[in-house]
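The following note concerns a predicted model. Please read the points below beside the sequence and the coordinates.

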Amino acid sequence: KNNVDTFSVFAGIRITWNIFDGFNTKNAQIEAQAKVRRLEQELKQLSKELQMEASEVLDSLLFQVRNLRLIQAQHAAEEAQYRLEEGNTTSGRSTNLTLQDAALGLKTEEFAMHQARADLLMGLSDYYDLVTPIR
């Protein structure tokens, strides 16, 4: 009104603080704790299932090892049979047909032995993948 330039500055801090928030923070904290407990329970359950699965795979591997030993013993017997038939054929007591039959049996057992080894190696790989922690 008096043609006077006025300059005014306001400085201050505004703080709002709810004294009562309707238990929102307490409920959020209770919900978070319940969620943590649920997740811990699920982790324990999954850990037990993983241990059971690892135990089953280990039992399967032990069976495969026994099977491989049996097949190796059968292969050794077939190899001895082939050597015997080979000796009989060279001495003239057997025919080439029996030697070929023994060779076929030897190759069949050899294939079975290699298949059993491959199955065992794949089972070991699966077991290793199962028990190795994920990084």
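**Helix packing around Leu 61**

1. Apart from neighbours within four places in sequence, Leu 61 makes contact with Leu 120, Gly 123, Leu 124 and Tyr 127. Leu 61 itself lies in helix α1. Its relative accessibility is 6%, and Leu 61 therefore counts as buried, the cut-off being under 20%.

2. A further pair deserves mention. The C-alpha atoms of Leu 61 and Leu 121 are 9.2 Å apart in space, although 60 residues separate the two in sequence.

3. How do the two helices lie relative to each other? Two packed helices are described by the angle between their axes and the distance between the axes. Here the axes of α1 (residues 24-91) and α2 (residues 96-131) come within 8 Å and cross at roughly 160 degrees. Because angles over 145 degrees count as roughly antiparallel, this term applies to α1 and α2. Their crossing is left-handed. Sorted by class, the contact of α1 with α2 comprises 21 nonpolar, nine polar and nine charged residues.

4. Helix α2 consists of 36 residues and spans 52 Å from first to last C-alpha, close to the 52 Å expected at 1.5 Å a residue.

5. Which residues of α2 are buried? They are Leu 99, Ala 102, Gly 105, Leu 106, Glu 109, Met 113, Ala 116, Leu 120, Gly 123 and Leu 130. The buried residues of α2 pack against α1. In general, an α-helix has 3.6 residues a turn, so residues three or four places apart point the same way. Two of the buried residues, Leu 120 and Gly 123, are also among the contacts of Leu 61.

Notes:
Residues are numbered from 1 along each chain as its sequence is written. This is a predicted model: local features need pLDDT of at least 70, side-chain atom pairs count only at pLDDT 80 or more; totals for chains, interfaces and linings use all residues. Side-chain values use heavy atoms; hydrogens and water are left out. Axes are lines fitted to C-alpha atoms, for helices over the stretch in contact, and angles run from 0 to 180 degrees between N-to-C directions. Helices (H or I, at least four residues) and strands (E, at least two) are DSSP runs, numbered from the N terminus. Angles under 35 degrees count as roughly parallel, over 145 as roughly antiparallel, 65 to 115 as roughly perpendicular and the rest as oblique. A crossing is left-handed if the near helix is turned anticlockwise from the far one by less than a right angle, and right-handed if clockwise. Ala, Val, Leu, Ile, Met, Phe, Trp, Tyr, Cys and Pro count as nonpolar, Asp, Glu, Lys and Arg as charged, and the others, Gly among them, as polar. The expected span of a helix is 1.5 Å times one less than its number of residues. Buried means under 20% relative accessible area, exposed over 50%, partly exposed in between (1.4 Å probe, protein chains only). Contact means heavy atoms within 4.5 Å.
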